[in-house]
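These are my notebook entries on one structure. I set out what I looked up, entry by entry.

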Amino acid sequence: MGRGDIAAVSALLAVAESVDGHRPLGEHQWLDLVQGGREGFAGLVAWEPGHDHPVGYAQISRGKESWALEFVVDPHHRDRLEPIGADVVGAALDVVANEGGGHVHMWVPKPRPEHDRITYLTGSSTSGEVVSELERVVAGSERVLVILDSDHSRDHVLDELRIYSRFVTPGSYLIVEDTNVNGHPVYPYHGPGPKEAVDAFLAETSEFATDLDCEKFYLTFNPSGYLKKRGAASGSSASA
Ligand SMILES: C[S@@+](CC[C@H](N)C(=O)[O-])C[C@H]1O[C@@H](n2cnc3c(N)ncnc32)[C@H](O)[C@@H]1O
């Protein structure tokens, strides 16, 4: 890319960053751009008649085994996000195809709340990787409460209950969200869901019991879904 293009794209990225509250390109991709592009890099700038600035930008870079793709549309032109995005992404994919094709990863950076006490893990809640990472995170914790709120099919929730029940510390809770579906009393056509999973789980363990005290307002998305683990909470003299 020439210096003029780099300056124009830099201005576009600055506007997007100020509107979105985060950088539109990852650090390495940003370096690729300002250094004018290393080998295996391509920047595609979308211009439209009547505007002296680019309306969109896509960037691809070739990795060892795959390509990385990122794109941004000028915030002032996002009423036409789809066509502009499709144009620049399509042009970027054409470059990949002309270079022999391959696996393309598209990064969609979205800000998430950050806090020292929040850790994000990406993966299925029942996958071995996620579960063993969580084991490491909660090891030695005095109090652990688990909320299940992912795939609401009975079998998945039952798997989660079997896996995550051991994380919960005595006197604490395993909360199963949306036990109200499949006719309990809403969404009768859902099919076996969280409530059926809770029933099956409680039939196979005596470690937990439904705590109706958590339903003191009689209206909840989680009827019979507040499962309290038997035993005294650490540091407490009360027993369940
Ligand atoms: C009912 S939403 C709840 C999301 C979140 N708990 C909240 O309150 O905002 C269910 C979420 O679970 C995710 N999900 C579906 N299947 C999953 C799985 N096997 N493992 C982890 N998450 C899953 C979906 O992508 C969706 O974002």
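Which residue in E3 is the bridge partner of Tyr57? I found Val72 in that place.

**Basis.** I worked from a predicted model, in which local features need pLDDT of at least 70 and side-chain atom pairs count only at pLDDT 80 or more, whereas totals for chains, interfaces and linings use all residues. Residues are numbered from 1 along each chain as its sequence is written.

**Domains.** I noted that the protein chain is divided into domain 1 (3-106) and domain 2 (128-229); such bounds come from an automatic or database domain assignment. Taken over C-alpha atoms, the centres of domain 1 and domain 2 are 43 Å apart.

**Sheet E1-E2-E3-E4.** I recorded an open sheet of 4 strands in the order E1-E2-E3-E4, with mixed pairing. Strand E1 (41-46) and strand E4 (103-106) are its edge strands, each pairing on one side only. From one strand to the next, the twist averages 20°. Strands (E, at least two residues) and helices (H or I, at least four) are DSSP runs, numbered from the N terminus, and two strands pair if DSSP finds at least two bridges between them.

I then followed the pairing through E2. E1 and E2 run antiparallel and are joined by 6 bridges. Strand E2 (residues 56-62) and strand E3 (residues 66-73) are also antiparallel, over 7 bridges, and a hairpin of 3 residues joins E2 to E3. Gly56 in E2 is the bridge partner of Ala46, and Gly56 has Val73 as its bridge partner in E3.

Why is E2 largely enclosed by the rest of the structure? I found that 6 of the 7 residues of E2 are buried; a residue counts as buried if 20 or more other C-beta atoms, placed from the backbone, lie within 10 Å of its own, as exposed if 12 or fewer do, and as partly exposed in between.

Angles run from 0 to 180 degrees between N-to-C directions, with axes as lines fitted to C-alpha atoms, for helices over the stretch in contact; contact means C-beta atoms, placed from the backbone, within 7 Å.

**Sheet E5-E6-E8-E7.** I recorded a further open sheet of 4 strands, ordered E5-E6-E8-E7 with mixed pairing. Strand E5 (146-148) and strand E7 (208-210) each have a single partner strand, so one side of each is left without a neighbour in the sheet. E5 and E6 pair in the parallel sense over 3 bridges, and Leu148 stands opposite Val176 in E6. H5 lies across E5 and E6 and runs at about 170° to E5.

**Helix H6.** In H6 (residues 194-204), I listed Pro194, Lys195, Glu196, Ala197, Val198 and Phe201 as buried. Their cover includes helix H5 (154-164) and strand E6 (173-176).

**Leu212.** Is Leu212 buried or exposed? Leu212, in the loop between E7 and strand E8 (226-229), is exposed, with 11 other C-beta atoms within 10 Å.

**Ligand.** I found Ser124, Ser125, Asp149, Ser150 and Asp151 around the ligand, where near means a C-beta atom, placed from the backbone, within 6 Å. This shell has no nonpolar, 3 polar and 2 charged residues; Asp, Glu, Lys and Arg count as charged, Ala, Val, Leu, Ile, Met, Phe, Trp, Tyr, Cys and Pro as nonpolar, and the others, Gly among them, as polar.

Note on methods: Two residues are in contact if their C-beta atoms, placed from the backbone, lie within 7 Å.
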